[in-house]
Amino acid sequence: MASKISITVAYYYVLVLFVCSAYGKPDLEMNPSASSWQTVTENVGVSAMHMQLMTNNKVVWFDAINLGRSALMQNPKWCRKDEKGRDDCWAHGVTYDPDTAKVVKTLKLSLNTWCSSGGLSSTGKLISTGGYDKGIRGIRILEPCELCDFKEDVGLSANRWYSSQQVLENGDFIVVGGRRSPNYEIVPPDQLKFPNKQFPLRLLEETTDGRLENNLYPFVYLLPDGNVFLFANDRSIIFNPRTGKTIRELPKLPGGSRNYPASGQSALLPLKLTTKANDFVKAEVLVCGGNTHEAFKVTEDPPRQFPPALKDCGRIVANQEGAKWEIEEMPSGRVMGDMLILPDGNVLIINGAQKGTSAWDAAEEPNFTPVLYSPDKPKGERFTELTPTKIARMYHSTSAVLPDAKILVAGSNTHVSYDMKAKYPTDMRIEKFSPPYLAPTLQKLRPQIVENLSQKELVYGKNFNIHFKLDDAADMSSIKVTMYPPPFTTHGYSEGQRMLILGLTSVAKDTISAVAPSSGKLAPPGYYLIFVVHRGVPSKGLWVHIK
């Protein structure tokens, strides 16, 4: 009997060792209350309707240019003629240094950027598309340098007001939708003029709720096979971006509308890669919040009402035939919040309101409390509320993941013009939010990438080395490497956002050998931030380029 017990114990011990080796040391349990907020700039002068982290670690943001004066003059002085022929010498865009918390430069804009789209090209330039009035078919190119200004021209084939932008496997962009534009077009990078390639999208025609719309700023993601996932209102399809052919439609997501102006949040969850190029990569899409199909009507028409935002989320494996939506519930309802993928692979839901919709003064009850969504935890355990802010971040607020793994938060202007005395004033303050992984007690477990020894030019499918320092033992079971292209965030949607968790071949004392994504279908050519994550604690990011 004793020998049988010994054998059983020995077997269990071997099994535990195998499980630990195969599945790794668990991430540390973070303390939600260790998350924190810091106001770093009291009056930045320009509201952040659109935001982009650039490859020089500066953050660019801009507002519309037709809604009157901002709180910052152009410096050096520069004026444009507004729609009534008057001089407008106010700044409507800035380059901001998050390290010094100061504006580096005011930006010149002539083609109206109101409710435009954008993303970084393979060369690191910001390609901004669409907008309003003379900018509705506009293209703007901004290089990543402190003193650069936009180059602008009219070059799109359709009106792109409230459109979405996604980079394809070869570096081209697709610009999808926009008000009364049920189509998409292909935009080659870094060009102001090019031959037009436009394709109809029947889904956008079918998902417009009359004047309420509810399908603007559609959610668009490049899938691992090179096809594109498109979600509009409450329906989604997969289509071939080169031909416009719909491959299949996915089940309808019940509950209400998820796109502007109902304005839910969405993200493509991190893609987990192996060291083998041909392994299947599961692509899961998360869609949360929003409001009812009729919500915008009742917020606009008197007597104005503000229906509670939706609390539910849908999650689906987009590249698996026959997949169904898995429904779960957030701690609170949220409309027009941001959904950002953090360096550790978890998802941050931040900003927004608990009642109403997007549009001027159309929401109430700010949602001050960020929520962490942990996609790898069991259903029912994925949501964690974090430390709340004291600043209402409502309509036209934005956020961005910074290279130091903090979150920059800016904007909030629910009014047609800047109004500093309203119930929800135009907010000029800039905050940084530190997720729980930046708690002071965890800093001894934080890796440090040795930048000058690490490879920064990656080749598809090839091994590359990252050198790092860490005051703790590390091996394959406690380290992961994440790869993140900074998205363009506006109106509660981070366009072009994706994360790759890379396959590793070895982890030595101070060197990680990882395998670059196998093709542009997984990681379109361009610039990415690489993070080394040790038991849930990420390093600062390292800029790399892949082609």
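**Close-up views of a predicted model**

**View 1. The side chains of R86 and D82 meet in a salt bridge, with 3.0 Å from N to O.** A salt bridge here is a side-chain nitrogen of Lys or Arg within 4 Å of a carboxyl oxygen of Asp or Glu. This is a predicted model, in which local features need pLDDT of at least 70 and side-chain atom pairs count only at pLDDT 80 or more, while totals for chains, interfaces and linings use all residues. Residues are numbered from 1 along each chain as its sequence is written, and side-chain values use heavy atoms, with hydrogens and water left out. R86 is partly exposed at 48% relative accessible area, whereas D82, at 15%, counts as buried. These classes are set by relative accessible area (buried under 20%, exposed over 50%, partly exposed in between; 1.4 Å probe, protein chains only). The count of salt bridges in the model comes to 31.

**View 2. D376 and K272 form a salt bridge, their closest N and O atoms being 2.7 Å apart.** K272 belongs to strand β21 (residues 271-272) and D376 to the loop between β29 (371-373) and β30 (383-385), so the pair ties together parts that are 104 residues apart in sequence. Strands are DSSP runs of E with at least two residues, and helices are runs of H or I with at least four, numbered from the N terminus. D376 counts as exposed, with 55% relative accessibility, and K272 is partly exposed at 45%.

**View 3. The largest pocket has a volume of about 1,500 Å³.** Its lining comprises 48 residues, and D27, K272, D376, K480 and I501 lie nearest its centre. Two or more lining residues come from each of α1 (2-23), β21, β37 (479-484) and β41 (503-507). A pocket is an open set of points on a 1 Å grid over the protein atoms alone where a 1.4 Å probe fits, with protein on both sides within 12 Å along at least five of seven lines; lining residues have an atom within 4 Å of a point. The volume is the space filled by probe spheres set on points joined across faces, edges and corners.

**View 4. K355 and E365 form a salt bridge, with 3.2 Å between the closest N and O atoms.** K355 sits in strand β27 (residues 353-356) and E365 in strand β28 (residues 363-366), 10 residues apart. K355 is partly exposed at 29% relative accessible area, as is E365 at 36%.

**View 5. Strand β3 (residues 59-62) is covered on both faces.** V59 and W61 are buried on one side, and V60 and F62 on the other. Strand β2 (residues 50-53) runs antiparallel to β3, joined by 4 bridges; strands pair if DSSP finds at least two bridges between them. Q52 has V60 as its bridge partner in β3. The hairpin of β2 and β3 has 5 residues between the strands, and N57 takes a positive phi near 70°. β3 also pairs with strand β6 (residues 93-97) in the antiparallel sense over 4 bridges, where Y96 is the bridge partner of V59.

**View 6. The largest nonpolar core has 62 residues.** Strand β17 (residues 228-232) gives the most to this core, with 5 residues. Such a core is a set of buried Ala, Val, Leu, Ile, Met, Phe, Trp, Tyr and Cys residues joined through side-chain atoms within 4.5 Å. I174, F229 and M483 are among the residues with the most contacts inside the core.
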